[in-house]
Amino acid sequence: KSQEELLIPPTPCHAKTNVMFLKTHKTASSTVLNIMFRFAERYNLTVALPADQLFHLGYPRTFVAHFVEGFKTIGQNYNIMCNHLRFNPLEVKRVMAANTFYFSILRNPIPLLESSYIYYKNNVPAFRSSKNVNEFLASPTKYYHPADYRENIYARNIMWFDFGYNNNAEDDTQYTQAVLEEIEQNFHLILIADYFDESMILLKHTLCWDLDDVIYFKLNSRSQDTVQTLTPENEEQIKAWCSLDWKLYLHFNQSFWRRIEETIGLEVLEKEVDHLRARQKELMETCLSEQEAVRKDDIRNKALLPFQSGAADILGYNLKQDLDNRTLRTCQKMVIPELQYTSYLYAVQHPHKKRKEVGLPLLWTNLQER
């Protein structure tokens with residue numbers, strides 16, 4: 001036999017279509033949600049959407065199955081779940097198929113806390129009563145009162161909370177170790193927002209998706225001038241104040257890079273990240289009238305205006321005027337903010353239910369145009 005015949009071709013893998021994404025806060029997760037929604041539409045999958053007028057799955061309450069629209073009739077037949085929820089594995093398993101792939105995303109707690117501060121400034125008592133993020137961090141316990149723990153979740157260990165754990169727990173080695181092990185058992189993959197493109201390539205490989213399935217325009221980001229610079233002392237302070245999140249991040253940042261080296265290798269990763277960025281640039285040139293995100297006041301089509309929060313100026317996009325219908329559809333899906341997309345998918349999946357009110361002009365008047 002010649003050498004060629006002995007080489008067994010790699011088995012082509014099949015795209016995983018049952019996927020649960022735990023959407024954490026201020027971690028580029030809105031961009032991931034957009035990727036998940038577009039994938040669901042491409043393969044005509046059923047999304048576990050929030051019931052009635054809600055845009056999240058009961059958050060910040062611990063998730064239970066009936067937070068999902070239609071759970072009583074649809075049962076365990078959802079393919080995709082990705083709106084905000086507070087993780088509760090047993091209840092999520094009632095909604096999602098047995099072979100579901102579970103993943104989430106984490107972000108370095110230092111930029112995360114600064115981002116939370118700006119975004120939730122008006123909603124969180126601990127943030128509201130301090131002048132700026134550095135003043136808050138100089139003595140967090142002065143502003144953070146245990147009695148307000150429900151309203152203050154964004155001010156301390158928010159990722160720990162999103163994963164379903166007590167964000168005010170004592171940082172005890174045995175306890176944190178047990179939690180990290182439990183998360184490893186519940187999730188097949190944890191991505192890192194600080195390496196977003198690398199994360200998308202790892203996701204693509206792990207789920208056996210195409211490059212175009214993980215292509216994205218950055219959503220829900222804010223203008224640079226609302227970013228507050230942290231003092232070096234306060235950066236250190238965050239590691240202590242949010243020590244549970246810090247441990248979570250360090251642990252999964254390590255396993256993230258280990259996974260890349262074991263499965264893709266750094267060389268292939270670099271090549272694929274370049275491909276991703278080139279394709280993204282190409283799409284931006286096709287879709288956008290400016291080659292970048294614009295401030296809220298510069299968004300021409302108010303239906304594409306992202307939800308604005310706190311002291312942040314949440315950026316959005318302007319599409320080119322003269323796109324043909326098919327390109328327009330593709331481009332619209334890339335830039336549509338989370339609330340509008342959720343509302344749209346809800347109307348498609350539950351046509352007889354009252355639409356979710358985004359309080360913005362409708363993007364697609366006729367849903368049959370899909």
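**Strands, helices and spaces**

Guide: S1 is covered on both faces: Val-19 and Phe-21 are buried on one side, Met-20 and Leu-22 on the other. Buried means under 20% relative accessible area, with exposed over 50% and partly exposed in between (1.4 Å probe, protein chains only). Helices (H or I, at least four residues) and strands (E, at least two) are DSSP runs, numbered from the N terminus. This is a predicted model: local features need pLDDT of at least 70, side-chain atom pairs count only at pLDDT 80 or more, and totals for chains, interfaces and linings use all residues. Residues are numbered from 1 along each chain as its sequence is written, and side-chain values use heavy atoms, with hydrogens and water left out.

Visitor: What is the strand order in the open sheet?

Guide: The order is S2-S1-S3-S4, four strands with parallel pairing. Strands S2 (80-81) and S4 (189-192) are the edges, each pairing on one side only. Two strands pair if DSSP finds at least two bridges between them.

Visitor: How many bridges join S1 to S3?

Guide: Four bridges join S1 (residues 19-22) to S3 (residues 101-106), running parallel. Val-19 has Phe-101 as its bridge partner in S3, and Leu-22 stands opposite Ser-104.

Visitor: And how many join S1 to S2?

Guide: Two, again with the strands parallel. Met-20 stands opposite Met-81 in S2.

Visitor: Which strands does H2 lie across?

Guide: H2 lies across S1, S2 and S3, at about 165° to S1. Helix H11 (residues 196-207) packs on the sheet too, touching S1, S3 and S4, and its direction makes about 155° with that of S4. Contact means heavy atoms within 4.5 Å. Axes are lines fitted to C-alpha atoms, for helices over the stretch in contact, and angles run from 0 to 180 degrees between N-to-C directions.

Visitor: Changing topic. What volume does the largest pocket have?

Guide: About 1300 Å³. It has 50 lining residues, and the closest to its centre are Lys-26, Ser-30, Tyr-119, Leu-219 and Asn-220. On a 1 Å grid over the protein atoms alone, a cavity is a set of points where a 1.4 Å probe fits but cannot get out, and a pocket is an open set with protein on both sides within 12 Å along at least five of seven lines; lining residues have an atom within 4 Å of a point. Grid points are joined across faces, edges and corners, and a volume is the space filled by probe spheres set on the points.

Visitor: Which helix gives the most to that pocket lining?

Guide: H2, with five residues.

Visitor: How many cavities of 30 Å³ or more are there?

Guide: One. The largest cavity holds about 50 Å³ of space. Its lining includes Pro-109, Tyr-154, Arg-156 and Asp-245. H5 gives the most to this lining, with four residues.

Visitor: Last one. Is Leu-315 buried or exposed?

Guide: Buried, with a relative accessible area of 14%. Leu-315 is in the loop between helix H15 (266-287) and helix H16 (325-335). Not counting residues up to four places away in sequence, Leu-315 touches residues including Ser-221, Arg-222, Val-294 and Pro-306.
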